[in-house]
Protein chains: 2
Amino acid sequence: MSREAAFIAALRGIATHPAARGLADDCAVLEIGGETLILTHDAMAEGVHFLPGQDAADVAWKLVASNLSDLAAKGAEPLGVLLGYQFGPDDARFLAGLEEVLVHFGVPLLGGDTISATGPQVLGLTALGRATHRPVPARSGARPGDAIWITGPVGAAMLGFEALRDATAADSAAFRRPLARLADGRALAPLVSAMMDVSDGLLLDASRMARASGVSFAIDSMAVPIAAPEARRAEALRWGEDYQLLFTLPEGAEPPITAFQIGTASASAEAPVVLDGLPLTEAKGLGYEHS
Amino acid sequence: MSREAAFIAALRGIATHPAARGLADDCAVLEIGGETLILTHDAMAEGVHFLPGQDAADVAWKLVASNLSDLAAKGAEPLGVLLGYQFGPDDARFLAGLEEVLVHFGVPLLGGDTISATGPQVLGLTALGRATHRPVPARSGARPGDAIWITGPVGAAMLGFEALRDATAADSAAFRRPLARLADGRALAPLVSAMMDVSDGLLLDASRMARASGVSFAIDSMAVPIAAPEARRAEALRWGEDYQLLFTLPEGAEPPITAFQIGTASASAEAPVVLDGLPLTEAKGLGYEHS
């Protein structure tokens, strides 16, 4: 077991509160006063999650949008965010991007903390939302026979990353300014058997959902919409950060929003993901790869 | 204006949501489902808030206890915490301390995130609680004529810090394992006109409360209980991290718990804090000083 996996397993051991589902399922779900709160926290480090020279406004945008995307996958309405901010190379640009993303999604900044420290900049964000539908969608609810859907194409962030890295004329917005699909998540929440956002790559996140649900996902690679040249389909299926919603619906059910069916869940114990008839394993490149 | 002050002023400009009082008053206060949520977030960095060689279990303890102390000052009952954890020099000790402090205060770990990054370890914690009394105590409520109280002695953390730094036989627990006065905060919340925790030094925090309330605090230094030799009284009044609760009560009111009256609020515009008849300014050593 990796150092990270061992630590997270130990954290889960500590998180024994019946209301605490957070460490097992990304967001925490908490009942209070007749409402269901959804909480999520992400940390991002310079040199790992963003580049030292990257526009701090884009860093702020992604920090907020990626957390709101977690709320979207729960069908939650955001109530606000709290920011843990280590002063960095361009605080003014960070503030500009923070204001832009909060205004864009209509989400208030509730509080936070600022620190000065040496070393790479580390940022944290907590997002709080209220569930609009109960039970709250989880990644563990997919059942054999369910259809597997995605809200839109993958691969756009990959192309955007390359445009930014190589300073080409191509549009890098999909990588720099991802969108949290909050309205889609709310529309889907009452209907889905399982839902999560695709942040680490479609195949890796699909395998997580399949494992959590105890099913196998048969995915037809050609059915997955991609925003990249056909020659790069395999990469697009593994690249992350597009923040589409991946969800399952009972057989025959139609989603109330634009979405694309990419496969079917089965009771097979073969592998979490079977792509075009071939079982995928982590060794075979299931995961998130920045090419 | 310092870089930090300018950034925080800008953040306050962004935090325009009517429910958002967080950046002006430490904790965010949010009404939902007939309940009042209290949220706070603190970040801590190796080399700034803790020493590189410090026991990671103590770091975990203080990270949690300092956030719970913010909830205590609101009279809140903790609902849980979310952790932003950058892997560090001793993850196993961190986990041990985390479990100890959560069990001690009976608070669940709801979720969080882990990251690997180079550079000094940066940690973040969000604590969530529910108010047990409304209106929620704020630091801005002190009125002329109110008596100023503190729940216990200051200076213990100072001595604990020195014991740890100098590796003496003296007890360092007050510095390593501070307590959040949650029960005291709940008992006081219905009665106080203002309340906050003393984390940055009694005189500095008292000046913040006085400023926020638009009053002046006349403090009698000899009335302040100290857990240090008499010769070090002046330092004890300026050292932080004891996490006592500082609060004001209407004249004549008695606190329902053990507490010590240290002064009186007045409408004087002289200075936020007048110590033994002398107005204190920041230039005169109001603040937090690790001697």
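Predicted model: local features only at pLDDT ≥ 70, side-chain atom pairs only at ≥ 80, totals over all residues.
Residues are numbered from 1 along each chain as its sequence is written, chains are lettered from A and ligands numbered from 1 in the order in which they are written, and side-chain values use heavy atoms, with hydrogens and water left out.

Reader: How far apart do the C-alpha centres of domain 1 of chain A and domain 2 of chain A lie?
Author: Domain bounds come from an automatic or database domain assignment. For chain A, that assignment gives domain 1 as 3–131 and domain 2 as 147–284. The C-alpha centres of these two domains are separated by 22 Å.

Reader: How many residues does the contact take from domain 2 of chain A?
Author: Contact means heavy atoms within 4.5 Å. Domain 1 of chain A brings 21 residues to the contact, and the number from domain 2 of chain A is 18.

Reader: Which residues in domain 1 of chain A lose the most area to domain 2 of chain A?
Author: Buried area is the accessible area (1.4 Å probe) that two parts lose on being put together, summed over both. Between the two domains of chain A this is about 1,700 Å², with 58% given by carbon and sulfur atoms. On the side of domain 1 of chain A, 31% of what is buried comes from three residues together, those that lose the most: Asp58(A), Lys62(A) and Ala73(A).

Reader: Which helix of chain A gives the largest share of the side of domain 1 of chain A that touches domain 2 of chain A?
Author: Helices (H or I, at least four residues) and strands (E, at least two) are DSSP runs, numbered from the N terminus. Across this interface the rule finds 4 salt bridges (a side-chain nitrogen of Lys or Arg within 4 Å of a carboxyl oxygen of Asp or Glu). At least two residues of the domain 1 side are supplied by each of helix 3 (56–72), strand 3 (76–86) and helix 4 (91–105) of chain A. The largest share, 11 residues, comes from helix 3.

Reader: Is Arg232(A) buried or exposed?
Author: Arg232(A) and Glu235(A) meet through their side chains in a salt bridge, 2.8 Å from N to O. Buried means under 20% relative accessible area, exposed over 50%, and partly exposed in between (1.4 Å probe, protein chains only). Glu235(A), at 27%, is partly exposed. The relative accessibility of Arg232(A) is 18%, so Arg232(A) counts as buried.

Reader: How many residues apart in sequence are the parts tied together by Arg130(B) and Glu35(B)?
Author: Arg130(B) forms a salt bridge with Glu35(B), with the closest N and O atoms 3.0 Å apart. Arg130(B) lies in strand 5 (residues 122–131) of chain B and Glu35(B) in strand 2 (residues 35–45), so the separation of the tied parts is 95 residues.

Reader: Where in chain B does Asp55(B) lie?
Author: Asp55(B) meets Arg93(B) in a salt bridge between side chains, at 2.7 Å from N to O. The pair links distant parts of the chain, 38 residues apart: Arg93(B) is in helix 3 (residues 91–105) of chain B, and Asp55(B) is in the loop between strand 2 and helix 2 (56–72).

Reader: Which residues do salt bridges that share partners join into one network?
Author: A search of the whole structure finds 28 salt bridges over all chains. One of them joins the side chains of Arg177(A) and Glu100(A), at 3.2 Å from N to O. Through shared partners, one network is made of Asp58(A), Glu100(A), Arg176(A) and Arg177(A).
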